[in-house]
Amino acid sequence: MINRECGVYQTTYEGDMALYPLPLARYSTLGAVAILLLLPLALDSHAMSLANLMLLASIGAIGLNILVGYTGQVSLGHGAFMMVGSYTAALVTVRLGLPFWVGLPAGGAVAALVGAFFGIPSLRIKGLYLAIATLAGQFIIEWTINHSTWISGGVQSTLYVPTPTFLGWEINSEYRRYFMVLPVAIVAYVAALNLVRSRVGRAFIAVRDRDIAAEIIGVDIFRYKLLAFAVSSFYAGVAGALWTYYLKIANYEHFTLATSVSYLAMIIIGGLGSVLGSVFGAVFITLLPIVLVYVVEGGAALFGFKYAAIADFLANLRLIIFGGLIILFLAIEPEGLFRMWGNVKRYFRLWPYSY
Amino acid sequence: MKVRGWLTAVLTIVLVVGLVVPAMASHVIKFGGQCDRTGATKVVGVEICPGLTDYVALVNKKGGVLGHKLEYTEIEHGYTVDRGVEAYERLKRDGAVAIFDYGTPIVYALTPRHMDDKIPGITPGFGRADSTDGTAWPFIFPMAATYWSQAGAGMQFIKDNGAKKGTKIAHIYYDNPAGREGIPIVEAVAKKEGYQLRLFAVPPPGVEMGPQVIDITRRFKADWVLGHLFGQAPAVSIKEFKRAGFPMNRFVSFVWGAGEANIEGAGWDVAQGYIGMQYSSTGRDLPVIREIAQKVYKDEGKEVPKYVGSVYYSRGVLNGAILAEGVRLAVQNHGLPVTGDKVRLGFEAIKNFDLQGFLPPMTVTAKDHEGGGWVRMYQVKGTEWVAITDWIRGYRDEVMTLVKQANKK
């Protein structure tokens, strides 16, 4: 939100170190949470499904941003870590009959272990080389899950999960699923905000900016790089587990290389090294293709075209516009939507007396 | 006074129009489906989807279903799961009574939603084989030969063409869940008939299969090859087997290796004799295709597009025909307003529906959502697919045993 610091004087260290030091920022954040909580009153079930998809993508994107944006380790295996979380959750629920709120952390934990394992190459290699190493991780995990029927539950690599319940409350509509996904997303968001302000987060940033310098000032690179992989994969695992409970099915085809790449696209467009930016990016990549369906088809109808006659043209036009918008946004602001939002905020901070 | 008189008159007209006209007007029946025109399977999508919409247009041209117009909404999802979910939720909100699900991952993701919302989903060519059992999956309708039935029919065709005990059969398949689906039937039949069977996996993306082909032709010396490949892989397999000197008329492909695009990728001259399965007839010289060309295109003064009558287009027509027939039976047997549950009953009442020979004699029951599991063998001759058998199926007992087993878990 747009905040002005004038008239706010901190008198305690706690006040200065708070997540939101300004009262106005606190209130606007609480207001945003209230709007999120009241959203179901205003939206129909279709719009709720969009909200859910955006929240699911946000959790995954925040996780990837911790690794790529904050720690500077490029990963192309995010989809695979989500896959690990997804299958873990399904197995925990189907085999052991445990509820979803056990499946979520379990999925996160197993994904964190696997993620830390595939993060080991990061100790020796960097940048593009690491991207290729994690790409190998993507394929290894995909192949393993696909070929071990013990994990994947049969030739079809698909596990159906019963309708999740919370204290006897069946989560079986888009509205109810929203209240399953939203708390997790809020916790994920706040945890990430706090993590990057903590000692660990500072160490991540030090590793990103120059790992040799970080090592000299006493950051244990081995530990923090693996920790970054673990934390990021934990997020991925929770996101994957939530997908499982959201769709009531675990299927490896939701988490292929294309998924990994689209999550990278989210954080690049949203802004590397920014938690809010990850959310912006997730919203952008999830919502834009769907909004374009309405815009392009509505536009075509306005000019009197029938959908069936030019469906192919419209589908490809949408793709062109989608790609064009990504390039446009990155050209206007290479540091992403978060920076753009920041520019708007800075402009209005001193408005109308800007100098 | 004058004003009041006018007002009364206008109000009366509005009331009459408002109340009477909707009651007289025919009911519009809404249903929808997804499509992939930009994603991984766009080659298929750009022909299946027009096939479906053209058939619906034809039905509407002929006065609709029992006098009710059909309204079909297509939503493009680019083969991504999240947009597939969005498309489903949008169709559901707009009151769709049946939905065509496009793409294997999307079918899987939407299956629980269909079951919860009681909206039947048809999944011809994409769906999982075990959803044949309608008692376990009441709202999922594969509606065309599943991979298990295709495997059964393929083995039957091989047997009808002289395979006996000891005949060597190679099954080459795409190494993903859908690709592996045919294996249990192939294995069961080979065991029953005493064939020598060997399995050869082609890892995705399936453009590299030289070693497997050499293994099959040189070392194993297969008599027959049963292929279950997707995407680019069928075209590559045709080229590789031709290069290895394997007779093309001993290669039987499942349905996703039997489109025009697969043959074009290898070259029509290379593929002469190659055998492929179809679950709907194909070609332009069929009554329903001729009717579409005439009523939907020529009568409107439009040119008939090149794809009309192609393999994938015909599969789209099949989708449209099944949806329309299900809705028709729902209205006829259970009356208006049409609901998802009524359309399910409508589908389950389909009996000997063959659309003037275009489809196999489909009979869908509450137990069999596949409609019999028929396929027809086509062969590449010249530059087209030519039917070489009637509708066939085989090893139905083995297939049904497997269906039962899969749903017992």
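The model is predicted, so local features need pLDDT of at least 70 and side-chain atom pairs count only at pLDDT 80 or more, while totals for chains, interfaces and linings use all residues. Residues are numbered from 1 along each chain as its sequence is written, chains are lettered from A and ligands numbered from 1 in the order in which they are written, and side-chain values use heavy atoms, with hydrogens and water left out.

Chain A contributes 38 residues to the contact and chain B contributes 31, contact meaning heavy atoms within 4.5 Å. The size of an interface is often given as the accessible area lost when the parts come together. Here about 3,200 Å² is buried between chain A and chain B, with 52% of it on carbon and sulfur atoms; buried area is the accessible area (1.4 Å probe) that two parts lose on being put together, summed over both. Between the chains there are 5 salt bridges, each a side-chain nitrogen of Lys or Arg within 4 Å of a carboxyl oxygen of Asp or Glu. One joins the side chains of E174(A) and R113(B), at 2.6 Å from N to O. On the side of chain A that touches chain B, 18 residues are nonpolar, 12 polar and 8 charged. In this grouping, Ala, Val, Leu, Ile, Met, Phe, Trp, Tyr, Cys and Pro count as nonpolar, Asp, Glu, Lys and Arg as charged, and the others, Gly among them, as polar.

A residue of chain B that touches chain A is N176(B), which contacts N146(A), Y252(A) and F230(B), leaving aside its neighbours within four places in sequence. N176(B) lies in the loop between strand 6 (168–174) and helix 6 (177–180) of chain B; helices (H or I, at least four residues) and strands (E, at least two) are DSSP runs, numbered from the N terminus. N176(B) is buried, at 11% relative accessible area, where buried means under 20%, exposed over 50% and partly exposed in between (1.4 Å probe, protein chains only).

Chain B itself is assigned domain 1 (29–145 + 283–373) and domain 2 (147–278 + 377–395), with bounds from an automatic or database domain assignment. Together the two domains of chain B bury about 1,500 Å², 55% of it on carbon and sulfur atoms. A129(B), V311(B) and R315(B) supply 30% of the area that domain 1 buries against domain 2, more than any other three residues. Across this domain interface there are 0 salt bridges, but 10 residue pairs are in polar contact.

Over all chains, the whole structure holds 32 salt bridges. In helix 3 (residues 81–93) of chain B, K92(B) and E89(B) sit 3 residues apart, about one turn of the helix, and their closest N and O atoms are 3.6 Å apart in a salt bridge. K92(B) is partly exposed at 25% relative accessible area, whereas E89(B) is buried at 1%. D341(B) and R344(B) also form a salt bridge, at 3.0 Å; D341(B) is partly exposed at 30% and R344(B) is buried at 17%. Finally, salt bridges that share partners join E174(A), R177(A), E89(B), K92(B), R113(B) and D117(B) into one network.

Conventions
Polar contact = N/O pair within 3.5 Å; in protein donor to acceptor, adjacent residues only side chain to side chain.
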